[in-house]
Amino acid sequence: MRHHLLIIDPQNDFCDLPHAALPVSGANADLARLAQLIKQHAARLDGITVTLDSHHRYDIAHPAFWRGPHGEQPLHTPISLEDVDSGRWLPATRHC
């Protein structure tokens with residue numbers, strides 16, 4: 001194998017399109033250029049691998065994982081180590 005293309009995590013949610021969850025400026029144009037590169041050089045590519053990450057439904061990055069002192073969930077709230085150490089945000093269940 002001489003020419004293998006690795007594409008890492010090309011999700012629609014990262015494209016700078018309406019309703020994208022985590023838009024990255026220029027990502028949609030980047031993917032259009034990538035598609036053009038593949039089209040132009042397909043005969044020279046021995047393979048293409050596309051990776052995608054995944055998350056469990058109950059994940060430390062999701063608001064449902066956390067609870068405040070009054071049972072509230074953090075919505076669009078950064079949580080620091082100091083927040084956890086002080087008890088401002090704690091795991092919703094202690095067996096995690």
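**View 1. Asp 59 reaches the backbone of Ala 61.** In this predicted model, the side chain of Asp 59 comes to 2.8 Å from the backbone nitrogen of Ala 61. Asp 59 sits in the loop between strand 2 and strand 3 (66-67). Is Asp 59 buried or exposed? Its relative accessible area is 15%, so Asp 59 is buried. The cut-off for buried is under 20%.

**View 2. Asp 9 is buried without a salt bridge.** Start with its place in the chain. Asp 9 belongs to the loop that runs between strand 1 (4-8) and helix 1 (27-41). Which side chain of opposite charge is nearest to Asp 9? That is Arg 33, and it lies 17 Å away. A salt bridge needs the charged atoms within 4 Å.

**View 3. Asp 9 has a polar partner and several neighbours in contact.** The side chains of Asp 9 and Gln 11 make a polar contact at 2.6 Å. Now look farther along the sequence. Leaving out residues up to four places away, Asp 9 touches Phe 14, Thr 51, Leu 52 and Asp 53.

**View 4. Ile 48, Val 50 and Leu 52 form a nonpolar surface patch.** The patch covers about 280 Å². One of its members, Ile 48, is in strand 2 (residues 47-51). How exposed is Ile 48? Ile 48 has a relative accessible area of 40%, so it counts as partly exposed. A patch residue must have over 30%.

Note on methods. Residues are numbered from 1 along each chain as its sequence is written. This is a predicted model: local features need pLDDT of at least 70, side-chain atom pairs count only at pLDDT 80 or more; totals for chains, interfaces and linings use all residues. Side-chain values use heavy atoms; hydrogens and water are left out. Helices (H or I, at least four residues) and strands (E, at least two) are DSSP runs, numbered from the N terminus. Buried means under 20% relative accessible area, exposed over 50%, partly exposed in between (1.4 Å probe, protein chains only). Lys and Arg count as positive and Asp and Glu as negative; His and the chain ends are not counted. A polar contact is a pair of N or O atoms within 3.5 Å; within protein, one must be able to donate a hydrogen and the other to accept it, and residues adjacent in sequence count only if both atoms are side-chain atoms. Contact means heavy atoms within 4.5 Å. Patches are made of residues with over 30% relative accessible area and no salt bridge: like charges are joined within 9 Å, nonpolar side chains (Val, Leu, Ile, Met, Phe, Trp, Tyr) within 5 Å. Accessible areas come from the Shrake-Rupley method with a 1.4 Å probe; for residues, only the protein chains shown count as cover.
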